[in-house]
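Good morning, and thank you for coming. Please look at the sequence and the structure as I speak.

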Amino acid sequence: MRRVFFAVVVWLLATAQAVAGQWGAGFENGRAWLVEPGGGRFYSLGVNTVNGGQEHPKGQGYYWKDFYGSMDAWAADVGKRLAGWGFNTRGGWSDPAPGVGLPLIPEIDLGRNARLHWFDPFAPDALEATIETAKRVTGKYKGNPDVMGYFTDNEVGWWNAPLFSWYLSNEWAIYTKQVLWRLLFEQYHGRWERLRADFVPGEGMGSFEDLKKGGARLKLRPGGHGIKVVDAFTRLCAGRYYELARAALREVDPDRLVMGDRLPLYYHQDAVLAARGKVDVLSTNYNVDEADGWVAPYYFEGLSKLIDAPVLITEYFFAAQENRSGNKNNGHLMHVATQDERARGAAAAQANFAAFPNVVGAHWFQYYDEPTGGRGDGEDFNMGLVDIANRPYERLAQAMGTVNARAATIHAQSRFDTVLDKAAPVHVRRLPRPADCGDNSLLDWPEKAATRLLGFETKRPYAPFGDVHVAWSPEGLSLFNLAGNYVDLFLLDYQGEFPLSETYQIHVILKVGGQERHFAAHLLPRPHSRYEGRFELEPRLYEVAGDGSYHRLDAAGLIQALDKPLPHVAVEFFLPARLLGVEKLAAEQKIEARVFVTNFYRELTMTYDGGPVSFLARDANTRLPRTFVLLD
């Protein structure tokens, strides 16, 4: 009831803002909307980098002077194109030229310019410096009626372990180091032996006083709970950033929405919790999960549990190897083979985004392709609605125009799937054949929405950090897990192989025909086979005995970790019927099931049975199993 009341109040405030001539943002009937000046609901369909580009050697990059006689002509043509394709917003890094005729959300790099990141956000003069910076970076937008609000930064990334290690190693004169030291001292009640249960101190560190020194270092101790302190510091740092950014913008341009820092294709839950009450809209970039346009619901359901703010997807993209700009698509960002696949996937993703009730829009990255040979940082992707010769990708533009025309209608009917009765049987769909655990793809799961397990829980105030899908065939059970888990794999103190207890792990406990079996999939980091200094994930499959002992299975063809860099986790595995103790599975068969997933360093665990968090099958009698019923 409190949440409904809060949503009504937010909507009334947003509408009042809009009537007063400002943009607003809030919830109406459980669905988030932006609110136009004057009061109309608005679902933002945006495009990033709507600008004239820059001069390149002839034919190697997009530049307005190669195609238009004036910037006015460029603005009029681009505005007409975008409106014709159903877009209604200029996103980050767009030109404020009024001739484009679309609302604008500038990205102003407030935190970076005010030196909030990796400097000293808790310094006494931080607010004054942030206000002065805000005056400077918003100056050219003051009074522009097209400006809806501001993105305060782009892809800051609340990387918990680097923040912790960096500030701990700083000198005592840094105020943010003092904040961290006090957190550690209070967390462990000033008792060094308690801290040592969670951390391994660096050389020469033998007391809390030693931690005041420059160069201080702590590593996680396997089996400890130090990651919780690391996360608590992350929340303090993020909270300070959001507090300063909001206060500065309210001081210098109070009529604009504070639209967040465009989280980098991932979010840390403590950072989102820290943003509560400090942003009007939470912004996040997103890398679509699969080439068919699937978007993992956990991401947006999690945000709805962590913060009472609308969410704007500020960057998503599809690229294709078949393109006219010579782009190589040289990385992990979503790319497919052909322009037809690109158009289908992009349109499906746009529709999927609109179907989340807390999402108020999605912005495409970007208007034109990246230059032939890549941009300055080496990124080289076919991300444009137009190529570098200013020719639209017609199939993509048509597909986007069609879905954009109905996006607001999709959103008006959106809802999150919920579980009304956890005691009710869970219907498990049949796949035509077992999922292929060697194809680096999830495209052999045609009905992903129908295979997703609903009702995972974790300890409050946190939210489940991934989705688990399950399907069956006579040969056995197929499962996959999509999740987000940033981890600094250098933070752990260990010798030899990475400890299993600290790995990302998925536990599946099944009772088939009266026999209970416990299986565990673990993702072990190892040096990357191609990129020096990075890690890749080695998936392993185990059977766990009743006493907790592990037996490693020959998992050839049974498990794969898809080629996605952390913090993205995508793992698929297959449990053959023989491992379940039966010759084959059959329609109408019932299976009692318990599932729980724990991320690296045991930071969070999410459970699917309502029972207590545990890693051992011997605790099964304290759990509440779900019943799978296999549907034909």
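Gln-366 sits in the loop that links β14 (359–364) with α12 (394–412). Please bear in mind from the start that this model is predicted. The peptide bond leading from Phe-365 into Gln-366 is cis, and its omega is near 10°. Pro-461 belongs to the loop between α13 (448–451) and β16 (466–473).

Why do I draw attention to such bonds? Because most peptide bonds are trans, and most residues other than glycine have a negative phi.

Glu-155, which is not a glycine, has a positive phi near 50°. This residue lies in the loop between β6 (149–150) and α5 (160–169). Leu-265 is placed in the loop between β9 (257–258) and α9 (269–274). With a relative accessible area of 12%, Leu-265 is buried, since buried means under 20%.

Let us turn to the interior. In soluble globular proteins, nonpolar side chains tend to be buried together. Here, the largest nonpolar core has 163 residues. Those with the most contacts inside this core include Leu-82, Leu-184, Leu-211 and Phe-300. Which helix gives the most to this core? The answer is helix α8 (residues 226–252), which supplies nine residues.

If we leave aside its neighbours within four places in sequence, Leu-211 touches several residues, among them Leu-168, Lys-177, Trp-181 and Leu-184. Its contacts also include Trp-192, Leu-195 and Met-205.

Some of those names return when we consider a pair of helices. Two packed helices are described by the angle between their axes and the distance between the axes. The axes of α5 and helix α6 (residues 175–187) come within 8 Å, and they cross at roughly 105°. An angle from 65 to 115 degrees counts as roughly perpendicular, and therefore α5 is roughly perpendicular to α6. On the α5 side, the contact is made by Phe-164, Tyr-167, Leu-168 and Ser-169. On the α6 side, Thr-176, Lys-177, Leu-180 and Leu-184 take part.

Next, the strands. Three of them form an open sheet in the order β1-β2-β3, and their pairing is antiparallel. Which strands are at the edges? They are β1 (24–28) and β3 (41–42), each of which pairs on one side only. Between β1 and strand β2 (residues 31–35), the antiparallel pairing extends over five bridges. Within this pairing, Gly-24 stands opposite Val-35 in β2. The helix α12 lies across β2 and β3, and runs at about 135° to β2.

Finally, I would like to show one polar side chain. His-518 is found in strand β19 (residues 515–527). His-518 has a relative accessible area of 1%, so it is buried. What does the side chain of His-518 make a polar contact with? Its partner is the side chain of His-507, at 2.8 Å.

That concludes the presentation; I thank you for your attention.

Conventions:
Residues are numbered from 1 along each chain as its sequence is written. This is a predicted model: local features need pLDDT of at least 70, side-chain atom pairs count only at pLDDT 80 or more; totals for chains, interfaces and linings use all residues. Side-chain values use heavy atoms; hydrogens and water are left out. Helices (H or I, at least four residues) and strands (E, at least two) are DSSP runs, numbered from the N terminus. Buried means under 20% relative accessible area, exposed over 50%, partly exposed in between (1.4 Å probe, protein chains only). A nonpolar core is a set of buried Ala, Val, Leu, Ile, Met, Phe, Trp, Tyr and Cys residues joined through side-chain atoms within 4.5 Å. Contact means heavy atoms within 4.5 Å. Two strands pair if DSSP finds at least two bridges between them. Axes are lines fitted to C-alpha atoms, for helices over the stretch in contact, and angles run from 0 to 180 degrees between N-to-C directions. A polar contact is a pair of N or O atoms within 3.5 Å; within protein, one must be able to donate a hydrogen and the other to accept it, and residues adjacent in sequence count only if both atoms are side-chain atoms. Angles under 35 degrees count as roughly parallel, over 145 as roughly antiparallel, 65 to 115 as roughly perpendicular and the rest as oblique.
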